[in-house]
Each structure stands twice: as C-alpha cells, then as structure tokens.
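This briefing concerns selected local features of a protein model. Please view the sequence and structure below before reading on.

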Amino acid sequence: MTKKSDGANEDQVKEPKRNIVPSKSQKEAKEMKSSKEEEDLLLDSGTDSDYDGDSLSGSLNSDDFDSDIFDSEDDDDSHRETQDDEGSDEVVDSENGEEEDGSDDEGSEQREVAEESDSSEDEVTPRNTVGDVPLEWYKDEKHIGYDITGKKITKKEKQDKLDSFLATMDDSKNWRKVYDEYNDEEVELTKEESKLIRRMLKGEAPHADFDPYAPYVDWFKWDDAIHPLSSAPEPKRRFIPSKWEAKKVVKLVRAIRKGLIKFDKPEEEPNVYLLWGDDSASDQKSKHLTYIPPPKLKLPGHEESYNPSLEYIPSEEEKASYELMYEEDRPKFIPKRFTSLRSIPAYENALKESFDRCLDLYLCPRVRKKRINIDPESLKPKLPSRKDLRPYPNSCYLEYKGHTGPVTSISTELSGQWIASGSTDGSVRIWEVETGRCLKVWQFDEAVKCVAWNPLPDFPILAVAMGVDLFFLNTELGTDEEQQRIEELLRLDNLPELDEAGKRLTAAIAKWLPDEKYRGIKIRHFKNLSYIDWHPRGDYLSAVMPGGETRGVVIHQLSAHSTKMLPIKMRGLPVCTLFHPNHRGIFIIATKKYVRVYNLHKNGEPIKKLETGLREISSMAIHPGGDNLVVGSKEGKMCWFDMDLSSKPYKILKNHPKDITNVGFHRSYPLFASCSEDSTAYVFHGKVYSDLNENPLIVPLEILRGHSSKGGVLDCKFHPRQPWLFTAGGDSVIKLYCH
C-alpha cells in the first residue's frame with residue numbers, strides 16, 4: 001500500500017509537466033484516478049487502525065523522507081529534461097497510436113530516475129499547490145488552497161482551547177508535534193529531527209558525525225615543486241613605503257601637536273594600602289621586581305605577660321649573672337610580675353627599640369635567595385664500590401727502622417726485591433723488602449736529598465744526590481758478569497775528548513770525579529741538587545738545580561761520562577723533571593707554576609704548556625701510558641692532566657690540609673698515591689681507558705695513617721709488581737702498606 005501511494009504521488013508530481021500533451025494514455029489516467037482516491041481515503045480515515053501515518057508520501061515520518069534528503073539536483077534537472085524531451089516527442093508523434101506504448105515505457109524509466117534523485121527540492125512534496133500566495137487571502141474562505149488535481153483543500157475544524165489542552169495533556173508526544181499552517185496539518189517530529197534541532201539551538205553542527213576541527217588537507221604537492229605558484233615579479237609597491245600613509249601620519253602628528261586631538265589621561269589610583277595588612281598581599285611585588293618584605297618581629301610569648309608564671313621570672317642570682325654578661329649576649333627583656341594592667345609602667349626601651357627596628361629595616365640589606373630542593377646525595381658522582389676495586393694497600397704490614405734522621409727519599413729496584421732509602425743523617429741504606437733486613441749502608445757527610453735506582457735490571461746502580469754532589473754507587477747485587485760490566489762503566493780512565501769551549505762549559509756546570517771511597521763516580525755541580533730522575537733506558541739521568549736559573553737542569557750520560565746542557569731557555573725556577581716513558585726525546589720540566597713539554601730531538605722545541613693554576617708545584621708523576629700526568633702542590637691540591645684532552649686540569653683534588661711532598665703512579669695496577677706533611681698518604685684508583693671518548697675514572701680508596709706528626713710523610717713509592725706502597729716519614733721510619 002505504501003509503495004502504491006508513493007508511486008501515485010510521484011505521478012501527481014510529474015503530471016503537470018505532461019498536461020501539455022494533447023493525447024494521454026488511458027492507462028495513466030486510470031492510475032492517477034486510483035491514486036487520488038486512495039489518498040483521499042487515507043486523509044479521511046486518520047483514526048483507522050490499518051493506516052500508518054508514516055506511509056503517507058510527503059509526511060515527516062515517512063520512510064522515503066530520509067532517502068529523499070540526499071537526492072541531487074542534477075538528477076532532478078536531468079529528469080526534467082527527459083520529461084520535456086518526451087513531451088515534445090509525444091507532441092510530434094501524437095498522431096501515431098503506436099508511440100503511446102513507448103511513452104509509457106519512458107514514463108516508468110523517469111519514475112525510477114525520480115526515485116533515485118537526491119535533490120533537496122524533492123524532500124517533501126507539498127499537498128497545497130498555491131505556491132507563494134499569502135495565506136491571508138484564504139482567511140475568510142473555507143479552504144486554504146488546492147491540491148495537485150485542482151480540488152479545494154478544506155480547512156479542518158478548530159477545537160476549543162479546553163479540548164485542545166486536554167488532548168495535549170493526554171498525549172505524551174505532544175511536545176514533538178508542529179503545526180503546518182501551509183498544509184493545515186500537524187507534523188510529528190522524529191527523534192533524529194529533534195536531535196538535529198537541539199544541536200542547532202546549542203550552536204553545534206546538526207549532524208553529530210561532523211568534525212568541525214578536521215585536519216587540514218594540503219591539496220598542493222610541495223615535494224616535487226620546482227616552480228613557484230606564481231612567477232609574476234614582485235610589485236614595486238611592496239618595497240617602497242606608501243606616500244599616502246606618510247601624509248596621513250604627518251597630518252595626525254600635526255593635529256596632536258596643535259592639540260586638536262586629545263587623549264584621555266588614565267585616572268591616577270590613590271596610593272593607599274592596608275596599614276595592618278600582610279606585606280605579601282601588597283602591590284609592592286608588582287611595582288618592584290626586587291622587593292623583599294621586611295622580616296616580622298617575634299611575637300610576644302608567656303614571658304612578656306604582665307603576670308607570667310613563676311618559672312619565667314629569674315631569680316636574683318640570675319639577674320646578677322646577666323649583669324656580668326656582654327651586652328650582646330644579655331637578654332633584652334627580663335620578665336616581671338604586676339598585680340594589674342594599671343600598675344604596669346611605661347616601657348623604658350620602647351623608643352630605643354623602635355629606632356633600632358627602623359635602622360634594621362632600611363640599613364640592613366636583604367637579598368632574595370633562590371632555594372632549590374635538591375637532595376645532596378644526588379649531587380655526588382656515582383662511583384664504584386671500593387670492594388670492586390681491590391687490591392689496593394690499606395694496612396701497614398712491615399716497618400723498616402735504622403735511620404736516625406728523617407727519611408727524605410726512597411726508591412725501589414725493578415724486580416721489587418730491594419728498596420733504597422736516604423736520610424738527613426747522611427746514610428743511604430738498602431733493605432730487603434720481604435724481611436726488612438738492612439743489606440748495605442753508605443755513610444756520607446751531608447744530608448741525602450734524593451736517591452734513584454737504575455731502571456735496568458742488569459745494572460743495579462744507585463744514584464744519590466746530596467748538596468752539590470751526585471754519586472753513582474755500585475750496590476753489588478748482580479752476578480759476576482754484571483759486576484764486571486758495572487765496574488768498567490764506573491771507571492773514569494777514558495774520558496771523552498772535548499774541545500776547549502766544551503771543557504770550559506762542562507767544568508763550569510759539572511765535573512766528573514772518581515769516588516775512591518765507594519768505588520763509584522762523583523759529579524760535582526755548581527749549585528745544590530734537589531731532584532734526579534733516570535731515563536727508562538737507564539743511560540741518561542736528569543739533575544735539577546733550582547738555584548741554577550737558566551742552567552738549572554742538566555742531563556748526564558753515564559756511558560759517555562759526559563754532561564749536556566738543555567738547548568732550551570728556562571722560564572722560572574725548575575722543581576722536578578721527567579722523561580716520557582714511551583716516546584724518546586720527550587722531556588717534561590715543572591717550574592713553580594707551569595709544566596712544559598719539550599722535544600729534545602728537535603733542538604728543544606716546545607710541544608705543550610700545562611696551566612696548573614697552583615700556587616707552587618712540589619712534585620710530579622706520569623702515568624705508564626704517557627698520556628696522563630699528576631701534579632702535586634704545596635697548598636694540598638693535586639691536579640690530574642689529560643695531555644691529549646686539554647692544557648688545563650681534568651680534575652683538581654683537594655685532600656691534604658698541608659703541603660704535598662710527593663706523588664706517584666703504579667707501573668701495572670690502576671693506582672696512584674700522594675703523601676703530605678700532615679702525616680697521611682692517600683691512595684686513589686685511577687683507571688685510564690684506551691677509548692679516547694671515555695674520561696679517566698678517579699676514585700679515592702684509602703687514607704693511610706701511622707707516621708707520627710713529626711715531619712709528616714716525605715716520600716712514597718709503589719712496589720713495581722705488587723699493589724704495595726712504601727712511605728718514608730719524618731719519624732725516621734719506612735712503612736710498607738699491603739692489601
């Protein structure tokens with residue numbers, strides 16, 4: 001029934017266009033007549049149970065209503081064009097009766113096209129066909145218009161207000177009904193239509209699935225664009241200021257100067273504030289960025305009461321003790337008891353305290369400090385556990401006693417079996433490491449400054465520096481063959497022949513003499529020696545004379561029995577020297593403030609200057625790898641230099657409160673140590689990585705104590721093979737620390 005009525009309505013809509021056809025088919029006339037009768041029956045029988053109001057074509061509740069919303073106007077236009085074409089064909093071919101059947105087929109096709117139309121004009125087919133005629137013209141008539149067939153549409157009888165009110169109260173869906181004045185009927189809105197109206201009243205999009213903030217889709221492809229969107233040249237007006245705007249600005253400026261244009265002055269707010277208000281809520285913060293509220297006075301407590309309890313009132317003895325105190329330490333207020341408020345006298349210090357308070361407010365500076373809540377433990381670097389860095393020396397294992405004066409210097413033999421020591425009592429001793437037995441003693445007239453063992457295992461020769469003399473002593477520890485070679489080496493029978501200038505220069509600096517007492521060699525210098533150091537190959541020895549100024553550093557060659565001056569100009573007083581352990585010809589000299597690196601193979605060419613920033617350098621040691629250097633100072637600081645990284649210290653360690661006397665590296669273990677006049681020695685873990693992108697790891701391990709406070713620790717040396725440390729103290733004792 002619904003489809004039939006829909007088809008009838010469509011035929012009614014299309015019929016006016018086909019009225020121009022002179023001859024209609026009987027079939028179409030019958031269909032129009034039957035559809036008209038069915039529509040009248042449906043309108044009259046509104047309360048019929050078999051009738052469903054949604055099935056009527058053109059109603060808001062019809063099933064075709066939703067499908068007709070999306071019909072396009074293009075299809076409707078094409079449908080009208082086909083109708084016009086067919087109408088013209090029928091006019092031309094109306095004489096032939098055979099064309100009627102063809103027109104019926106074309107009409108059915110047009111109906112199918114009309115059903116598929118999505119034009120907005122075909123959403124609801126109006127029942128009233130009067131068009132745009134005002135309805136006021138039908139106010140006094142019994143009808144309101146005409147339908148598509150030309151019949152009058154009679155007005156419905158209006159109910160009384162009481163009946164209409166009762167009807168609305170009984171109907172729960174009355175709020176969804178809308179009166180259509182044009183067609184004289186009530187239309188009931190569906191749930192979807194009510195939702196659309198509710199969203200439009202809220203100012204939202206009618207359809208819920210519509211996204212007003214959809215992402216922008218760039219229609220232009222910028223990837224392959226090699227030409228601009230517009231290749232027109234830039235107009236000249238974009239580069240030249242507008243003269244009309246300049247004239248307008250000049251006109252406004254002149255009007256302002258003449259007073260023709262006046263501006264409203266802002267009203268000045270009265271500068272008032274709460275006298276007893278909180279300073280934190282005042283406007284001073286917004287006006288002054290650096291404003292800091294003054295500190296609050298301490299609120300009065302129980303002791304300021306006019307009738308305090310007895311425990312707050314001092315006794316006479318306490319009052320007498322207050323008089324003996326300094327004025328700064330004396331309490332400013334002494335509690336007293338009064339029977340009533342009327343008996344309280346005037347406060348004698350009121351004026352003075354008010355004056356002091358004013359002085360504190362405008363004379364005492366206040367600084368705003370930003371406090372950051374940071375856990376102090378989080379600022380400490382994450383270091384590995386000391387248990388994972390074992391072995392390292394941590395306890396005293398053995399003591400070597402025999403010297404009567406402070407032990408100034410010690411040196412270990414390459415095999416680690418023997419250790420040599422020199423003292424201010426003028427004695428040089430050789431000790432057996434494992435047993436502590438004193439093997440040999442040499443006695444001299446002067447205090448020994450420094451001792452150094454030859455680094456070659458085949459030549460157990462000991463160099464001893466004291467005063468202006470340097471001795472090469474035969475320790476007699478090798479085999480018979482080694483002793484023969486050492487005796488031949490220490491003979492001065494065949495000195496090298498030099499020219500007169502060379503003889504004069506060598507004699508002015510150092511003079512080689514035989515030592516008949518100990519069957520060795522004695523070299524006498526023109527200034528006192530302070531430090532000596534062997535070359536890793538054992539043939540050269542550097543000697544430092546701080547008072548020698550430009551000739552303060554010389555190099556002795558033992559095999560040639562000759563002394564050589566450095567081809568460099570000394571800058572500052574030398575403190576100590578080092579030979580590079582890996583590169584031949586690299587020589588390091590430490591003055592009081594700087595460390596300089598020279599290349600002796602290139603006539604003393606300077607390579608690098610290390611800036612320590614220390615007050616005075618006291619000692620220096622180089623890592624076995626040759627790229628890292630540790631410098632100790634007389635202010636208790638120790639600097640670690642990565643010579644490949646920078647000329648400034650990588651780390652500065654401040655551990656000792658007093659002067660550092662010596663520093664040293666272990667030959668095989670990642671350990672280094674420092675000793676000081678505070679009678680302690682610090683042991684550190686210092687690991688150098690082969691990866692240049694990784695910084696050295698420095699971890700403090702142990703503080704070694706045991707020497708008396710007399711003189712402190714004057715020297716420290718590591719065992720060449722074991723993680724042991726030897727310390728020489730001012731208490732004339734040598735200690736061995738083991739793990």
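Which residues does Thr591 touch, not counting those up to four places away in sequence? They are Arg571, Gly572, Leu573, Pro574, Val575, Arg596 and Ile617, where contact means heavy atoms within 4.5 Å. The model is predicted, with local features needing pLDDT of at least 70, side-chain atom pairs counting only at pLDDT 80 or more, and totals for chains, interfaces and linings using all residues. Residues are numbered from 1 along each chain as its sequence is written, and side-chain values use heavy atoms, with hydrogens and water left out.

**Thr591**
- Thr591 belongs to strand β20 (residues 586-591), strands being DSSP runs of E with at least two residues.
- Because its relative accessibility is 6%, Thr591 counts as buried (under 20% relative accessible area, with exposed over 50% and partly exposed in between; 1.4 Å probe, protein chains only).

**Asp678**
- The loop between β28 (671-676) and β29 (680-687) holds Asp678.
- Asp678 is buried yet lacks a salt bridge (a side-chain nitrogen of Lys or Arg within 4 Å of a carboxyl oxygen of Asp or Glu).
- Arg705, the nearest side chain of opposite charge, is 7.6 Å from Asp678; Lys and Arg count as positive and Asp and Glu as negative, while His and the chain ends are not counted.
- Beyond neighbours within four places in sequence, Asp678 is in contact with His656, Pro657 and Lys658.

**Ile261**
- Ile261 lies in the loop between α8 (243-258) and α9 (284-287), helices being DSSP runs of H or I with at least four residues.
- Ile261 counts as partly exposed because its relative accessibility is 32%.
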